[in-house]
Amino acid sequence: MRDSRFQNRVAESVFTFPSCVMLAALLWWRPLAGSLSDNIIGIALCALTAFSLIATDFYCRLIRKHSQLSACYWLLCVATMGFFRQGIREALAVTAFTASFHLLFQTCQRREPMGMVFNSFFLLSLGGMACPGLLYLAVCYWWYMYAFMRCLTVRTFGAGLIGLIVPFWFLAVWCMWTGDTDPLLHIVRGLLSLQRPCWEWYVSLPVGQIMAWSAALLLSLVGGIHYLANCYDDSISVRMCLYVCVCQTVVSSVALLFHPFSHALLLPMTVVSSAPLVSHYFSLANSRASSIFFILALMFFAAMAALRLWMPSYFS
């Protein structure tokens, strides 16, 4: 039966992705914030993240129809929530995480996945050098490999461990050569700087950040619940990959709730891991409720775009 809902037509339209690219470019440069070089680097990293999402959809065939809605959702969030404009370190870490996540999917049920595992953990380690808290995800990666990818062996565990160590080995050699140990000490301090959440953190959050938070978590929740209720329609490999997306979204969302001032890192990570779930929901759901929810989501993004253009103080 041919899909007739509005969100199905938008998901399959060839104009959806170019429209999101144009909107993201417009809202990135107006209002302009930060130096020109930071903006150029940020928009390049944003494009690399979108490319990784497209490559993940193409390689894993997460959606049973042609759709680039994962990348479109990412670009809409970048345009309206201001990702990658709050720090180059966080942008580098999120881009490395997205590429690492893509490579992790490619290990699913492979006979010789050691190379992919090494590359995935190597990129995760590079992101951890920018934001040390990202290194804690290595434990989650090993769990995903055991429970979903079905590729955790002694060899793949060793490949992941070596991938984590290699960047720091080079950094340690550089520190010994220059006699400057500050880069290593910065990473150690970052790993040990976890704090208990306090009520003052939440009271002082800007209104725009609360709106972005709420939208990302709500869309993640709806996409995850819909997929868990309808996963029987997909192949085993697609199910395994999207189960990983569900678990990673839960991990990122819980970390965001307990440490809201790391939103520049954790909020885009939540969007990245939930993008395939949101895309799966809006592309394949064919009900009146999904159509209404899609229209409400578009209205929300339009309101956020208007606030970013005319009332940027809401985001500071």
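Helices here are DSSP runs of H or I with at least four residues, numbered from the N terminus. Keep that in mind for the exercises below, and remember that the model is predicted.

**Exercise 1. Find which helices each supply at least two residues of the nonpolar patch, and which one gives the most.**

Solution. 
Step 1: List the members. The patch consists of Trp 143, Tyr 146, Leu 152, Phe 157, Leu 161, Ile 165, Trp 169, Phe 170 and Val 173, and its area is about 930 Å².
Step 2: Assign them to helices. At least two residues come from helix H7 (137-149), and at least two from helix H8 (154-178).
Step 3: Find the main contributor. With 6 residues, H8 gives the most.
Step 4: Check one member. Val 173 lies in helix H8. Its relative accessibility is 39%, so Val 173 counts as partly exposed.

**Exercise 2. Compare the span of helix H13 with the expected one, then locate its bend.**

Solution. 
Step 1: Take the span. H13 covers residues 263-284, 22 residues in total, and reaches 30 Å from its first C-alpha to its last.
Step 2: At 1.5 Å a residue, 32 Å is expected for H13, and the span is close to that.
Step 3: Look for a bend. At Ser 274, H13 bends by about 45 degrees, and Pro 276 follows within four residues.
Step 4: Look at the surroundings. H13 is mostly covered, with 22 of its 22 residues buried.

**Exercise 3. Classify two aromatic pairs from their ring geometry, and say whether their residues are buried or exposed.**

Solution. 
Step 1: The distance of the centres and the angle of the planes describe a pair of aromatic rings.
Step 2: Over the whole structure, 19 aromatic pairs turn up.
Step 3: Take Trp 74 and Phe 83. Their ring centres are 5.6 Å apart and the planes stand at 35 degrees, so this pair is tilted. Trp 74 is buried, with a relative accessible area of 0%, and Phe 83 is buried too, at 4%.
Step 4: Take Phe 97 and Phe 101. Here the centres are 5.3 Å apart with the planes at 25 degrees, so the pair is stacked. The cut-off used is that planes under 30 degrees apart count as stacked.
Step 5: Phe 97 and Phe 101 both sit in helix H5 (residues 88-105), 4 residues apart, about one turn of the helix. An α-helix has 3.6 residues a turn, so residues three or four places apart point the same way. Phe 97 is buried at 0% relative accessible area, and Phe 101 counts as buried at 4%.
Step 6: Phe 6, Tyr 281, Phe 282, Phe 293 and Phe 294 form one aromatic cluster.

**Exercise 4. Work out which parts the salt bridge of Glu 112 and Arg 155 ties together.**

Solution. 
Step 1: Count. The total is 1 salt bridge.
Step 2: Identify the partners. Glu 112 pairs with Arg 155, and their closest N and O atoms are 3.9 Å apart. This falls inside the cut-off of within 4 Å.
Step 3: Glu 112 belongs to the loop between H5 and helix H6 (114-130) and Arg 155 to helix H8, so the pair ties together parts that are 43 residues apart in sequence.
Step 4: Check exposure. Glu 112 and Arg 155 are both exposed.

**Exercise 5. Where are Arg 61 and Arg 150, which have a positive phi, placed in the chain?**

Solution. 
Step 1: Recall the background. Most residues other than glycine have a negative phi.
Step 2: Consider Arg 61. Its phi is positive, about 50 degrees, although Arg 61 is not a glycine. Arg 61 is in the loop between helix H3 (36-60) and H4, and it is exposed, with a relative accessible area of 60%.
Step 3: Consider Arg 150. Its phi is also positive, about 55 degrees. Arg 150 is in the loop between H7 and H8, and it counts as exposed at 55% relative accessibility.

**Exercise 6. How far apart are the C-alpha atoms of Leu 219 and Phe 294?**

Solution. 
Step 1: Locate Leu 219. This residue lies in helix H11 (residues 207-230), and at 7% relative accessibility it counts as buried.
Step 2: Read the separation. Leu 219 and Phe 294 are 75 residues apart along the chain, and their C-alpha atoms are separated by 9.9 Å.
Step 3: Link back. Phe 294 is one of the residues in the aromatic cluster of Exercise 3.

Technical notes: Residues numbered from 1 in each chain as written. Predicted model: local features only at pLDDT ≥ 70, side-chain atom pairs only at ≥ 80, totals over all residues. Heavy atoms only, no water. Patch = residues over 30% accessible without salt bridge, like charges linked within 9 Å, V, L, I, M, F, W, Y side chains within 5 Å. Areas by Shrake-Rupley, 256 points an atom, 1.4 Å probe, with all protein chains shown as cover. Salt bridge = Lys/Arg side-chain N within 4 Å of Asp/Glu carboxyl O. Buried < 20%, exposed > 50% of the residue type's maximum accessible area, 1.4 Å probe, protein only. Expected span 1.5 Å × (residues − 1). Bend = angle between axes of the 7 residues up to and from the residue. Phe/Tyr/Trp six-rings, centres within 6.5 Å; stacked < 30°, edge-to-face > 60°.
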